[in-house]
Amino acid sequence: MSSDEVKLIGAWASPFVMRPRIALNLKSVPYEFLQETFGSKSELLLKSNPVHKKIPVLLHADKPVSESNIIVEYIDETWSSSGSSILPSHPYDRAMARFWAAYIDEKWFVSLRNILKAEGEEEKKAVLAQVEEGNALLEKAFNDCSNGKPFFNGDHIGYLDIAFGCFLGWLRVTELAAGHQLLDEAKTPSLSKWAERFCDDPAVKPVMPETTKLAEFAKKIFAKPRA
């Protein structure tokens, strides 16, 4: 076994696991994908991430690195000579990328997930409004960060592209379930075009879940118990 062997503990449907998978693809790093079974946690996962006990976990030379955005930064720094830099080069741009990545995880994704949990039309409308408000903020962030280029990071996929783009599969599933388009060309033209470019990228395409398969998985997760 190579001392530099790379393994990733994760699951195909997890948007957070997508982040290091995309980063590893961007850096052309070969790795073994160790799939966790939904509803259970392997001994390797519990041993590798005893604090949070959750995926993803990167194992590099048997040393574990946890938390999706931290793993992406680790990959960028460890394989800095391979491919383009994932994090922006300027300190201010890095700070902004981290700020918006935190907003996406702590605010935007929570609202998106709540659409699938909403009880009744009024609650669903309120949550949809929250997501669309977030989309408007991210539309402006894209225009500010990209400077007219294809991605948040400029000419190529970077840290914030990965942080947001990993949720596009789940966004499509949510749109289908809600019967409502969330990334609208009329309201968010820049993000709509960006999403197409992101999903078509060779580093992303192999790991982006197929919408129908993900929708079936979502039904299992969000199935409401019978009274």
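Reply: On a 1 Å grid over the protein atoms alone, a cavity is a set of points where a 1.4 Å probe fits but cannot get out. A pocket is an open set with protein on both sides within 12 Å along at least five of seven lines, and lining residues have an atom within 4 Å of a point. This is a predicted model: local features need pLDDT of at least 70 and side-chain atom pairs 80 or more, while totals for chains, interfaces and linings use all residues. Residues are numbered from 1 along each chain, and side-chain values use heavy atoms, without hydrogens or water.

Me: How many cavities of 30 Å³ or more are there, and how much space lies in the largest cavity?
Reply: The count comes to one cavity. Volume here is the space filled by probe spheres set on grid points, joined across faces, edges and corners. For the largest cavity that space is about 40 Å³.

Me: Between which parts does the largest cavity lie?
Reply: An automatic or database assignment sets the domain bounds. Both domains give residues to the lining, so the largest cavity lies between domain 1 (6–79) and domain 2 (91–222).

Me: What is the volume of the largest pocket, and which residues are closest to its centre?
Reply: The space in the largest pocket is about 910 Å³. Its lining has 33 residues. The closest to the centre are Ala13, Ser14, Pro15, Phe16 and Ile55.

Me: Which element gives the largest share of the lining of the largest pocket?
Reply: Five helices each supply at least two lining residues: α1 (15–26), α3 (68–78), α4 (91–117), α7 (168–178) and α9 (211–221). Both domains contribute, so the largest pocket lies between them. The largest share, five residues, comes from α4.

Me: And which element gives the most to the lining of the second largest pocket?
Reply: The second largest pocket has a volume of about 300 Å³. Its lining numbers 18 residues, with Pro88, Asp93, Cys145, Phe152 and Asn153 nearest the centre. α4, α5 (121–146) and α6 (159–165) each supply at least two. Giving the most, with four residues, is α4.

Me: In the largest nonpolar core, which residues touch the most other members?
Reply: A nonpolar core is a set of buried Ala, Val, Leu, Ile, Met, Phe, Trp, Tyr and Cys residues joined through side-chain atoms within 4.5 Å. The largest has 54 residues. Those touching the most other members are Trp108, Trp194 and Phe198.

Me: Which element gives the most to this core?
Reply: β1 (6–10), α1, α3, α4, α5, α6, α7 and α8 (189–200) each give two or more residues. Both domains take part, so the core lies between domain 1 and domain 2. With nine residues, the most comes from α4.

Me: What does tryptophan 108 contact, leaving aside neighbours within four places in sequence?
Reply: Trp108 is one of the residues that touch the most other core members. Beyond those neighbours, its contacts are Tyr103, Val131, Gly134, Asn135, Leu138, Phe164, Phe167 and Leu171.

Me: Against which elements do the buried residues of α3 pack?
Reply: Buried means under 20% relative accessible area, exposed over 50%, and partly exposed in between, with a 1.4 Å probe and protein chains only. In α3, Ser68, Asn69, Ile71, Val72, Glu73, Ile75 and Asp76 are buried. They pack against α1, β3 (57–60), β4 (63–66), α4 and α6.

Me: Is the peptide bond from isoleucine 55 to proline 56 cis or trans?
Reply: Proline 56 sits in the loop between α2 (43–48) and β3. Most peptide bonds are trans. This one has omega near 0°, and is cis.

Me: Is asparagine 147 buried or exposed?
Reply: Asparagine 147 is in the loop between α5 and α6. It has a positive phi of about 55°, although it is not a glycine. With a relative accessible area of 65%, asparagine 147 is exposed.

Key
Contact means heavy atoms within 4.5 Å.
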